[in-house]
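Have a look at the sequence and the model, then read on.

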Amino acid sequence: VQLQASGGGLVQSGESLTLSCVVSGSIFRFQTVDWYRQAPGKRRELVASITSGRSTNYLDSVKGRFTISRDNVKKTVYLQMNSLNLEDTAIYYCHLAAWGYDYWGQGTQVTVSS
């Protein structure tokens, strides 16, 4: 299983970005996929999750601003991020757990400027 994250960049406060995570392997449609983030000097935190049945869960600070979705044909999970603020600056990682292992994408940097 390999995860390839993309879509990060430098934006101004209030703007939007969409991250993508492409997952190789046939298990994708059966697995929950998550987005985590890690800001400098802080612990990695879970931002959003989407199950195989498309149930979603969000970090309180992003509720109403971020939307996670998935396309099982493209084997891709998206994170639509609106109304970005300085506190959203971090490296964002996609994650999948399967067979007792944790699989991580390489991370994509999101930087929000004032």
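Predicted model: local features only at pLDDT ≥ 70, side-chain atom pairs only at ≥ 80, totals over all residues.

A residue is called buried under 20% relative accessible area, exposed over 50%, and partly exposed in between, using a 1.4 Å probe and protein chains only. Numbering starts from 1 along each chain as its sequence is written, and side-chain values use heavy atoms, with hydrogens and water left out.

**Overall build**

- The chain has eleven strands and zero helices; both are DSSP runs numbered from the N terminus, with helices being H or I of at least four residues and strands E of at least two.
- The radius of gyration is 13 Å, close to the 13 Å from the globule rule for 114 residues, so the chain is as compact as a globular protein of that length. That radius is taken over C-alpha atoms, and the rule is 2.2 Å times the number of residues to the power 0.38.
- Along its principal axes, the C-alpha trace spans about 40 × 25 × 20 Å.
- Counting contacts (heavy atoms within 4.5 Å), residues 24 or more positions apart account for 52% of those with a separation of 6 or more.

**The four-stranded sheet**

- Strands S1, S3, S8 and S7 form an open sheet in the order S1-S3-S8-S7, with antiparallel pairing; two strands pair if DSSP finds at least two bridges between them.
- S1 (3-6) and S7 (66-71) are the edge strands, each with a single partner, so one side of each has no neighbour in the sheet.
- From one strand to the next, the twist averages 15°. Axes here are lines fitted to C-alpha atoms, for helices over the stretch in contact, and angles run from 0 to 180 degrees between N-to-C directions.
- Four bridges link S1 to S3 (residues 17-23) in the antiparallel sense, and Leu3 has Val23 in S3 as its bridge partner.
- S7 and S8 run antiparallel and are joined by six bridges, with Ile68 partnered by Leu79 in S8.
- S7 has two faces: Phe66, Ile68 and Arg70 make up the covered one, and Thr67, Ser69 and Asp71 the uncovered one.

**Around S4**

- Five of the six residues of S4 (residues 33-38) are buried, so this strand is largely enclosed by the rest of the structure.
- S4 pairs antiparallel with S5 (residues 45-50) over five bridges, and Trp35 has Ala48 as its bridge partner in S5.
- Six residues sit between the strands in the S4 and S5 hairpin, where Gly41 takes a positive phi near 75°.
- S4 is also joined to S9 (residues 90-98) by six bridges, running antiparallel; Gln38 has Ile91 as its bridge partner in S9.

**The core**

- A nonpolar core is a set of buried Ala, Val, Leu, Ile, Met, Phe, Trp, Tyr and Cys residues joined through side-chain atoms within 4.5 Å.
- The largest one has 31 residues, and Trp35, Phe66, Ile68, Leu79, Met81, Tyr92 and Leu96 touch the most other members.
- S1, S3, S4, S5, S7, S8 (76-81), S9 and S11 (108-113) each give two or more residues to this core, with the largest share, five residues, from S9.
- Val77, in S8, is buried at 0% relative accessibility.
- Beyond its neighbours within four places in sequence, Val77 contacts a set of residues including Leu19, Phe28, Val33, Trp35 and Ile68.
- Ile50 is 27 residues from Val77 in sequence and 8.5 Å away in space, C-alpha to C-alpha.

- Most residues other than glycine have a negative phi.
- Lys75 is not a glycine, yet has a positive phi of about 55°. Its place is the loop between S7 and S8, and Lys75 is partly exposed at 30% relative accessible area.
- Trp99, also not a glycine, has a positive phi of about 55°. Trp99 lies in the loop between S9 and S10 (101-104) and is exposed, with a relative accessible area of 60%.
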